[in-house]
Amino acid sequence: MAELDQRPFPPGDYPVVVVGSGPGGIQASYYLKHLGIEHAHISADPVPGGMFRRFPFFQRLLSWTKPYGPVPRDDPFYYWYDWNSLLAEEPHNRALMPDLMDGTSSFPSRPEMETNLATFVARTGLPIRFDTRWESTSRDGERFVLHTSDGDYRCQVPIFAVGVAHPFTPDTPGFDFAAHYVDTRPAQTYAGKRLFIVGKENSGFELATGLLQWAQRIVLASPRPAKLSVNSHSLAGIRARYVLPVEDQILGGGVFVLNASIQRIEKLGDAYRVHCLPSEGGAEIAVDADEVIAATGFTCPLQDLQSIGVEVFGRSLLPAMTNYWESATAPGVYFAGTIGQGVSGMKKYGLPANSGAVQGARYNARTMVHHVAEKHFGVRLPRPVVAPADLVEQLLTTATRAPELWNQKSYLARAFTLDAGQGILDQGIVPLAQFVDEEGPAAVAIAVETDDTGDIHPAVYVRESGKPAVETLLTSQPLHDFRTADNRAHLSQLLRGVTNGAVR
Amino acid sequence: MAMNQQELVDTLSGLALFADLSRPQVEAVAHKMAEESYPTGQRILRQGFTGTGFYVIVDGEVAVKIDGTEISRLGKGDFFGEMSILLGEPPGADITTTRQLRVLHLGGSELEGFLRDYPPVMLRMLKAVALRLRNANRWRS
């Protein structure tokens, strides 16, 4: 007799289907469950974790969890000190990461992160149907049909959280001789070798850092100069942990960082010759190497979503999305997790949000699920009333302590509507670009922003009814406590007019 | 529609702004600038806001509006954002997508260095801005 399949969510019809069991899919599923929205959650993997089941290659994350923050770990503010735990509404399910770390680093190891995600799934009782591969997609009237290895799932809203996980290799001649980052071997197998790493982003520098003690010589090359996070004032750039190869280059220590485009890779016996053209002109450079590694990034494995109208763009084949992470060209299709980085938001001073990392994507997922619940399922989330006398303090406290605003600078904001009839209503966390561009009732939103000097300060956006929002920058404070007398006075003055004097 | 890197470089090579660059230089430009996508109806530049960037339209169209009044439209190959960056002032106009838009984006603080690195782009930009100024003067007279 065939064994009975005990897995949850058999093929069928569901209001929502979530695909993927990395942090993005888990976080979306958690908030759907929290709001009571029935959904199926499927994954091709055998266990939770997504990319963290394998990467980073050298087994140490780039996102911090600092066990000793200034507030108890179940305080939501602690999430600013813990970029790796998923969000939970129940205090006892928050901040699972620090208890799983061995104390050797504020950056958890990959196995610790994988355990963190599995623990969250277990503790919050999230059922997931594993070993179910989404293979293709079609429409059936108003519903979407996800064809999987287990059968068909029909739904009103699919949420794809499948990561930016498919290895990308350029079609430049000879790249078939290069191993992709995902196929990097144990470090000791590169002992004494001349390595050529294509790509100068974090994955390239992660490999260079990990192989410094093994390789004879390391060349990193790509057309664009390497950007360091400490110079870009954001996580866009090489993180401090991976800067050692840059220092080795400066000191002439066997590391070479080239700004050049790769023209072709040629096989020469047991070795390779990489032909490069310097970006700023000059003659071709030919570099001989024993191994070529393509740290050239990843694309979104969106299967055949383009066939149902999902438009994609860019090197990573990210979907074109609205500010609520809904396909801009196939309404009703949503995305969570690292795919969310396709929504640029305000990108002030050119600084991207952290949507490609757990600390940003977890808040995007919560905001997206709230939006899906209200738009598609008639759920009305509570909007607490705020007394006029409390508004200024709430805004400045939010800017000082809300991890959503700190993790997603110039990207997520907390908004309050200022309708004379309804009073002041807390609208919660919203995409800032959506707030400043939509016409609506009088409202105010606050965000945290960094400018090109690295100064971190609150920014306030005040919208009079039916008019575009107006930006006002508040002042910073050396210890980032923005609740200063100057900011209180400035904010009160801004809000006095738009609230007809209710805020004094 | 998504393009691979070679197609993107081909497209950029065909834009007037980058027409005088060698292919390796265009490849470097394609890596230096971030490709972004915006849905219809979204503002990319916002009148009076700080921290804006420089954009080159790869596909799509935007409307230029001052105080809500549309004054022109920009399409493939056009660029915007440079005026406020170079003058160190917030934009004097809104730039709003009229259909799905794909752009290349450079942070404001990087523009000056970018133009110094690629003088032919600076010259092309200067000519385009001069044309805009001439047309604006004609429109006013």
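Author: Let's begin where helix 2 of chain A stops: the next residue is A:Gly125, with a positive phi near 65°. Helices here are DSSP runs of H or I with at least four residues, strands are runs of E with at least two, and both are numbered from the N terminus. This is a predicted model, in which local features need a pLDDT of at least 70 and side-chain atom pairs count only at pLDDT 80 or more, while totals for chains, interfaces and linings use all residues. Residues are numbered from 1 along each chain as its sequence is written, and chains are lettered from A and ligands numbered from 1 in the order in which they are written.

Now go back along the helix.

Several of its residues are buried, including A:Glu112, A:Met113, A:Leu117 and A:Phe120. Buried means that 20 or more other C-beta atoms, placed from the backbone, lie within 10 Å of the residue's own. Helix 1 (23-34) of chain A is part of what covers them.

Next, the wider interior. A nonpolar core is a set of buried Ala, Val, Leu, Ile, Met, Phe, Trp, Tyr and Cys residues joined through C-beta atoms within 7 Å. The largest one has 68 residues, and A:Val17, A:Ala28 and A:Tyr334 are among those touching the most other members. Helix 6 (residues 358-377) of chain A gives this core the most, 7 residues. Leaving out residues up to four places away in sequence, A:Val17 touches, among others, A:His39, A:Leu146 and A:Pro158. There is also a second, separate core of 40 residues, with A:Val392 and A:Val462 among them. In soluble globular proteins, nonpolar side chains tend to be buried together.

Strands 11 (271-278) and 12 (285-289) of chain A pair in the antiparallel sense over 5 bridges; pairing takes at least two DSSP bridges. A:Val274 faces A:Val287 across the pair, and among the 6 residues between the strands A:Gly281 has a positive phi near 100°.

Finally, meet the partner: 32 residues of chain B contact 34 of chain A, with contact meaning C-beta atoms, placed from the backbone, within 7 Å. On that side of chain B, helix 2 of chain B gives the most, 6 residues.

Conventions:
Two residues are in contact if their C-beta atoms, placed from the backbone, lie within 7 Å. A residue is buried if 20 or more other C-beta atoms lie within 10 Å of its own, exposed if 12 or fewer, and partly exposed in between; C-beta atoms are placed from the backbone.
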